[in-house]
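Hi everyone, thanks for coming.

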Amino acid sequence: MADGTTLYRFLSADDTSEFCHKVSAALAKGWVLHGSPTYAFDAARGVMRCGQAVTKPVAVPYTSEMKLGEQ
């Protein structure tokens with residue numbers, strides 16, 4: 001993609017359906033899973049946290065002003 005780039009986001013949330021909906025919404029917008037999900041225990045809050053990287057090729061050059069969730 002000569003004039004474009006690949007965007008990267010790391011989605012995270014507590015291990016609830018909210019996290020699944022966040023990832024599902026990104027996939028519905030054309031983002032693609034990148035690697036395996038991660039899990040970690042947040043000892044301060046006593047909850048499990050989930051994370052998932054996603055990527056998306058876009059036909060525009062990257063700028064730091066992009067709102068990645070709107071792409």
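One definition before we start: when I say two residues are in contact, I mean they have heavy atoms within 4.5 Å of each other. And keep in mind that this is a predicted model.

Okay, the sheet. It's an open one, with three strands in the order β1-β3-β2, and the pairing is antiparallel. At the edges sit β1, residues 5-14, and β2, residues 32-42, each pairing on one side only. On average, neighbouring strands here are turned by 20° against each other, direction ignored.

Now β1 and β3. Strand β3 covers residues 47-58, and it pairs with β1 over ten bridges, in the antiparallel sense. If you want a spot to look at, find D14: it stands opposite R49 in β3.

Then there's the helix, α1, residues 17-28. It lies across β1, β2 and β3, and runs at about 165° to β1.

Let's zoom in on S12, which is in strand β1. So what does S12 touch, leaving aside its neighbours within four places in sequence? The list is F19, K22, R49, C50 and G51. As for A43, it is 31 residues from S12 in sequence and 16 Å away in space, C-alpha to C-alpha.

Last stop, the surface. Y39, F41 and M48 make a nonpolar patch there, with about 340 Å² of accessible area together. F41 belongs to strand β2, and with a relative accessible area of 55% it counts as exposed.

Conventions. Residues are numbered from 1 along each chain as its sequence is written. This is a predicted model: local features need pLDDT of at least 70, side-chain atom pairs count only at pLDDT 80 or more; totals for chains, interfaces and linings use all residues. Side-chain values use heavy atoms; hydrogens and water are left out. Two strands pair if DSSP finds at least two bridges between them. Helices (H or I, at least four residues) and strands (E, at least two) are DSSP runs, numbered from the N terminus. Axes are lines fitted to C-alpha atoms, for helices over the stretch in contact, and angles run from 0 to 180 degrees between N-to-C directions. Patches are made of residues with over 30% relative accessible area and no salt bridge: like charges are joined within 9 Å, nonpolar side chains (Val, Leu, Ile, Met, Phe, Trp, Tyr) within 5 Å. Accessible areas come from the Shrake-Rupley method with a 1.4 Å probe; for residues, only the protein chains shown count as cover. A salt bridge is a side-chain nitrogen of Lys or Arg within 4 Å of a carboxyl oxygen of Asp or Glu. Buried means under 20% relative accessible area, exposed over 50%, partly exposed in between (1.4 Å probe, protein chains only).
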